[in-house]
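Thanks, everyone; I would like to take a few minutes to walk through one chain and its packing. Please have the model open while I talk.

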Amino acid sequence: MRIIYHCYGGAHSSVTAAAIHLGFLTLPVTSEVAIQALPYFDKHTGRDQGKLFFYGRDQHGNEVYIMGCARSAHILERTVRAALRLAGEEDDILFVNTLKSVNLLMRIGGFLSRRLGWVSLGRPLVVKGTFRAVPRLAALVRRAREQTC
Amino acid sequence: MLIFYCCYEQSYAPVAAAAFHLGGLGPGCPSLQEVMSLPYFDQATAADFGIPLRVGQDVNGNEVFILGHGPARDLVERALVSTLRHCGVTEDELLVVRADQFLNAWTRLGGLLARSLGLVGPGRALAAYGIRCSWQRLVALVQQVQKQAGLDGPQKDVG
């Protein structure tokens, strides 16, 4: 099965949720440094929105992906499913929207860092916001795991 | 090769482009009736955004699709290409062709009348008229695509 964690830009909440799912981020998270060091964290730009990025494979063999869908998740979900069918693969996919777990600090930090390119100003804010959002993201991942195991 | 003719809605320019690609229409400007009677002309809705629809296979075995990307053109293209690449399809087996450039005011107005206001008869005729206006440019684009897809040489005998 494929699990796709998706958010607006594919740079923060989806990355963190995928990292929690795969055990890259050990709970409870005690340091903001661990978040900042995650692969792809605060890296994707607008040109990466819509692209499917493989993040890893969990212990049950499920493939975990991240994706930035902007405001078009409903359309892109259809595209990904159709593309898989087209390639002759099974379209058993779980789409998990991580935007519900995003807080104001993440939105502001993400906007400054990714949209305006003010990384030195935005990244510390988005890291702090993500640190605070970890419990909600972990709950989201727990529910996703229950559906896939 | 997988060839995708894309536009905001898949109902008009991609349908005509795919029809020419597959030989359903010739290079000469088609009549309104010919355009309006194309399969899938003025059929798609917003629920079809993002889903490629296979319309046929050309004589070289290339699969031809039409695709409406809705308000997410770049994102749909990237999602399509990246997903297929994850499935082992290589870049040179894919061709995404943007047909947005053939959406002129007539086609837009016709689409609005037919799809949003329910004036199907006049809307379809206007949209078809718009396709006729763009026909020569559309043919030129599809011929370029056919060249890329290996259709410029001697055709295979499909009989």
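Predicted model: local features only at pLDDT ≥ 70, side-chain atom pairs only at ≥ 80, totals over all residues.

Let me begin with helix 1 of chain A, residues 13-22, which is mostly covered, in that ten of its ten residues are buried; buried here means under 20% relative accessible area, with exposed over 50% and partly exposed in between, using a 1.4 Å probe and protein chains only. Helices (H or I, at least four residues) and strands (E, at least two) are DSSP runs, numbered from the N terminus.

Residues are numbered from 1 along each chain as its sequence is written, chains are lettered from A and ligands numbered from 1 in the order in which they are written, and side-chain values use heavy atoms, with hydrogens and water left out.

What covers the buried residues of helix 1 of chain A includes strand 1 (2-7), strand 2, strand 3, helix 4 (104-115) and helix 5 (119-148) of chain A. After helix 1 of chain A comes Gly23(A), with a positive phi near 80°.

Thr130(A) lies in helix 5 of chain A, and it counts as buried because its relative accessibility is 0%. Leaving aside residues up to four places away in sequence, Thr130(A) touches Thr16(A), Ile35(A), Phe41(A) and Met106(A), where contact means heavy atoms within 4.5 Å.

Turning to the strands, strand 2 (residues 52-57) and strand 3 (residues 63-68) of chain A pair in the antiparallel sense over five bridges, pairing requiring that DSSP finds at least two bridges between them. Arg57(A) stands opposite Glu63(A) in strand 3 of chain A.
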